[in-house]
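Here is a short report on the chain shown below. It covers helices, strands, a core and a surface patch.

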Amino acid sequence: MLYKKLEHCIAVPLSLLFTSFMSVGSVPQAWTHAIVIPVYKGGPSSYPSNYRPISLTCVASKIMERVVVLQMLSHLHSHKLITSQQHGFLSKRSTSTNLLETLQDWTLAIRDKKSVFAVYINFAKAFDTVSHNKLFLSLCYY
């Protein structure tokens with residue numbers, strides 16, 4: 001709330017600060033730490049899987065992260081590097097829109113008497129197994 005009320009006063013200084021961090025490729029160490037709070041989702045409260053973690057981090061770092069995400073998405077969209085099949089992590093697109101699109105595709109295929117095959121893969125732990133060095137190289141390429 002404080003940042004929103006002071007946005008006209010702090011926009012330029014924050015921009016200069018973010019630009020300097022990007023030019024050296026690092027952020028203050030305090031920005032890399034978070035206080036993780038478990039938030040109850042439902043079900044038996046004794047199961048750790050019924051909680052999701054919320055990371056409380058520095059507000060300025062969240063603002064910088066948002067700026068970087070918006071710039072990256074703008075670049076990816078303008079160079080047509082995101083397909084229409086991408087639903088995760090995009091504005092107005094989600095698992096729900098993905099399921100609705102899939103249901104429509106299946107409905108049309110069945111109506112047209114075509115075969116429908118579906119394969120679902122659980123990628124829940126996939127990010128943990130990805131080589132972060134390779135991921136960073138891919139990001140640098142784009």
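Helices (H or I, at least four residues) and strands (E, at least two) are DSSP runs, numbered from the N terminus. Helix α4, for example, spans residues 95-111 and holds L99. The model is predicted: local features need pLDDT of at least 70, side-chain atom pairs count only at pLDDT 80 or more, and totals for chains, interfaces and linings use all residues. Residues are numbered from 1 along each chain as its sequence is written, and side-chain values use heavy atoms, with hydrogens and water left out.

**Surface patch.** L99 also belongs to a nonpolar surface patch of about 610 Å². Patch residues have over 30% relative accessible area and no salt bridge; nonpolar side chains (Val, Leu, Ile, Met, Phe, Trp, Tyr) are joined within 5 Å, like charges within 9 Å. A salt bridge puts a side-chain nitrogen of Lys or Arg within 4 Å of a carboxyl oxygen of Asp or Glu. Areas come from the Shrake-Rupley method with a 1.4 Å probe; for residues, only the protein chains shown count as cover.

**Core.** Buried means under 20% relative accessible area, exposed over 50%, partly exposed in between. A nonpolar core joins buried Ala, Val, Leu, Ile, Met, Phe, Trp, Tyr and Cys residues through side-chain atoms within 4.5 Å. The largest one has six residues: L14, F18, F21, W31, A60 and M64. The most come from α2, with three. Contact means heavy atoms within 4.5 Å. Beyond neighbours within four places in sequence, F21 is in contact with S26, V27, P28, W31 and M64.

**Strands.** Strand β1 (residues 35-40) lies largely in the open, because zero of its six residues are buried. Strands pair if DSSP finds at least two bridges between them. Six bridges join β1 to β2 (residues 51-56), and the two run antiparallel. Within this pairing, I37 stands opposite I54 in β2.

T97 lies in α4, and H75 is found in α3. The contacts in the table leave out residues up to four places away in sequence.

| Residue | Relative accessible area | Contacts | C-alpha separation |
|---|---|---|---|
| T97 | 26% | H87, K92 | 22 Å to S78 |
| H75 | 30% | L81, Y142 | 8.5 Å to Y142 |

Along the chain, T97 and S78 are 19 residues apart. H75 and Y142 are 67 residues apart in sequence, and the two are in contact.

Conventions
Buried means under 20% relative accessible area, exposed over 50%, partly exposed in between (1.4 Å probe, protein chains only).
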